Amino acid sequence: MTIKAKRILSTVLMAIPILVLIMGGIMKLIDAEPASVVQFLTRYGFGNYMKLLGAGELIIAALLLYPKTNKIGFLLAGCYLGGAFCLEISGSQPPASAVFLAILWIGMFLRSREMFLNAPEAS
């Protein structure tokens, strides 16, 4: 795969979870989350923290978008989506966050292999 193709593919793959984080963050901030999501989060004790979760999602998305901070954004997004995955599993929900987590990891692997292998990228 050429470097240009890798860059395009990684950008597309990274855009998917970033858009999900932005949409989720905005929906939480403007109280537009579906009732089922609000009930689920409330049942597990996160109902009072909806606005904080929304702000966190937007900050993580911004960190992922900015090239100088995308590595810390990746780590925070991985933690956030991993936590969401655990919550979905414990609540017998379909693990949608696992899909976005996998897409995020593949996109970052294509963009910055040294994040995973601690080795220089092959040219």
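This is a predicted model: local features need pLDDT of at least 70, side-chain atom pairs count only at pLDDT 80 or more; totals for chains, interfaces and linings use all residues.
A crossing of two helices is called left-handed if the near helix is turned anticlockwise from the far one by less than a right angle.

The crossing of α1 and α5 is left-handed.

Which residues make the contact? From α1 there are Lys6, Leu9, Ser10, Thr11, Leu13, Met14, Ile16, Pro17 and Val20. From α5 there are Phe100, Ile103, Leu104, Ile106, Gly107, Met108, Leu110 and Arg111. By type, the residues of this contact divide into 12 nonpolar, three polar and two charged.

Next, the aromatic rings. A pair of aromatic rings is described by the distance of the centres and the angle of the planes. Two rings are paired if their centres lie within 6.5 Å, and by this rule the count comes to five aromatic pairs. Take Trp105 and Phe116: the ring centres are 5.2 Å apart and the planes stand at 50 degrees. Planes under 30 degrees apart would be stacked and over 60 edge-to-face, so this pair is tilted. Trp105 sits in helix α5 and Phe116 in helix α6, residues 114-117. The two are 11 residues apart, and the pair links distant parts of the chain.

Last, two backbone angles in loops. Asp31 has a phi near 55 degrees, which is a positive value in a residue other than glycine. Asp31 lies in the loop between α1 and α2, the latter being residues 35-43. Its relative accessibility is 60%, and the cut-off for exposed is over 50%, so Asp31 counts as exposed.

Ser92 is the other case, with a positive phi of about 55 degrees although it is not a glycine. Ser92 is in the loop between α4, residues 70-90, and α5. With a relative accessible area of 69%, Ser92 is exposed.

Key:
Residues are numbered from 1 along each chain as its sequence is written. Side-chain values use heavy atoms; hydrogens and water are left out. Helices (H or I, at least four residues) and strands (E, at least two) are DSSP runs, numbered from the N terminus. Contact means heavy atoms within 4.5 Å. Ala, Val, Leu, Ile, Met, Phe, Trp, Tyr, Cys and Pro count as nonpolar, Asp, Glu, Lys and Arg as charged, and the others, Gly among them, as polar. Buried means under 20% relative accessible area, exposed over 50%, partly exposed in between (1.4 Å probe, protein chains only). Rings of Phe, Tyr and Trp (its six-membered ring) pair if their centres lie within 6.5 Å; planes under 30 degrees apart count as stacked, over 60 as edge-to-face and the rest as tilted.
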